[in-house]
Amino acid sequence: MSAANRPKTSLVPPDDAVAPVRHPEAPAPGAPLGAHYDQCFGCGEGQPHGLHLQARAGDGVSVTAEFTVKAAHQGAPGLAHGGVLTSALDETLGSLNWLMHVIAVTGRLETDFVRPVPVDTVLHLEARTTAVHRRKIYSSAVGRIGGPDGPVAVRADAVFIEVKVEHFIEHGRDEEIQAAMDEPDEVRRIRAFEVNP
Ligand SMILES: CCCCCCCC(=O)SCCNC(=O)CCNC(=O)[C@H](O)C(C)(C)COP(=O)(O)OP(=O)(O)OC[C@H]1O[C@@H](n2cnc3c(N)ncnc32)[C@H](O)[C@@H]1OP(=O)(O)O
């Protein structure tokens with residue numbers, strides 16, 4: 001069935017889903033994950049239009065991250081754009097896959113916007129993978145304002161789908177694929193595609 005005709009997929013894992021497994025070489029809890037690709041809109045240091053989100057490994061398959069809402073991220077006067085907040089959730093959720101050493105892309109992402117988020121706010125994000133079923137990875141995230149224990153402003157549930165590295169090579173634009181493959185630093189080269197080292 002083509003993707004366009006596929007029925008809407010549940011965000012609830014099926015009964016025979018299993019617990020996620022943290023890779024033995026995943027970064028220790030508390031370790032910064034760093035950017036997986038310097039041009040990534042979510043985390044890339046070299047991306048002037050990006051969110052510059054910084055994530056750290058948590059326990060199990062979990063991460064925490066911070067994102068500061070800038071003037072460039074407004075939707076309404078002085079308030080963050082909902083799509084930008086969803087991007088911050090997507091990036092945080094996507095970084096969970098690195099802890100399992102699985103390459104995956106977002107298949108479905110559902111966001112609840114609970115409170116408005118003003119410019120200059122630091123959004124404190126927490127995400128966790130809850131279940132895995134074949135290639136489907138079920139994860140959830142919340143974003144709090146006013147501190148890591150502050151009130152929830154946004155939350156999201158997602159299904160990521162495991163893919164092979166060919167997904168990026170087949171579908172990405174040649175010049176960026178080539179530049180990422182020519183990266184002399186092996187870890188950066190690998191992480192551009194979030195491939196298992
Ligand atoms: C490198 C990491 C970067 C992280 C950055 C943050 C994350 C991102 O934003 S990634 C970018 C946004 N996402 C994308 O571009 C993905 C675009 N979509 C695609 O390429 C394809 O539709 C893709 C790969 C998801 C699935 O296609 P395909 O491999 O043919 O899947 P298919 O074989 O049909 O389905 C596999 C399973 O996934 C499920 N599935 C497929 N698509 C979806 C979906 N959209 N939602 C939920 N489940 C889905 C299917 O139901 C099937 O489940 P089951 O095993 O139970 O039968």
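Start by selecting R173, which sits in the loop between α2 (166–171) and α3 (174–181); helices (H or I, at least four residues) and strands (E, at least two) are DSSP runs, numbered from the N terminus. Residues are numbered from 1 along each chain as its sequence is written. The model is a predicted one, in which local features need pLDDT of at least 70 and side-chain atom pairs count only at pLDDT 80 or more, while totals for chains, interfaces and linings use all residues.

R173 is exposed, because 8 other C-beta atoms lie within 10 Å, where 12 or fewer make a residue exposed, 20 or more make it buried, and anything in between is partly exposed, with C-beta atoms placed from the backbone.

Next, select the six strands of the open sheet, which follow the order β1-β2-β6-β7-β8-β5 with antiparallel pairing; two strands pair if DSSP finds at least two bridges between them. β1 (54–57) and β5 stand at the edges with a single partner strand each, so one side of each has no neighbour in the sheet. From one strand to the next, the twist averages 20°. At the β1 end, β1 pairs with β2 (residues 62–68) in the antiparallel sense over four bridges, and A57 stands opposite V63 in β2.

Now show α1, which packs on the sheet and touches β1, β2, β5, β6 (122–133), β7 (136–144) and β8; contact is counted when C-beta atoms, placed from the backbone, lie within 7 Å. The direction of α1 makes about 130° with that of β7, using axes fitted to C-alpha atoms, for helices over the stretch in contact, with angles from 0 to 180 degrees between N-to-C directions.

Select L123 and its contacts: not counting residues up to four places away in sequence, L123 touches E66, F67, V69, A88, V117, G143, I145 and A153.

Finally, centre the view on the ligand, which is surrounded by 18 residues, the closest being T9, G94, G107, R108 and E194; a residue is included if its C-beta atom, placed from the backbone, lies within 6 Å. α1 (82–100), β5 (104–113) and β8 (152–162) each supply at least two residues of this shell, and the largest share, four residues, comes from β5.

Terms used: Contact = placed C-beta atoms within 7 Å.
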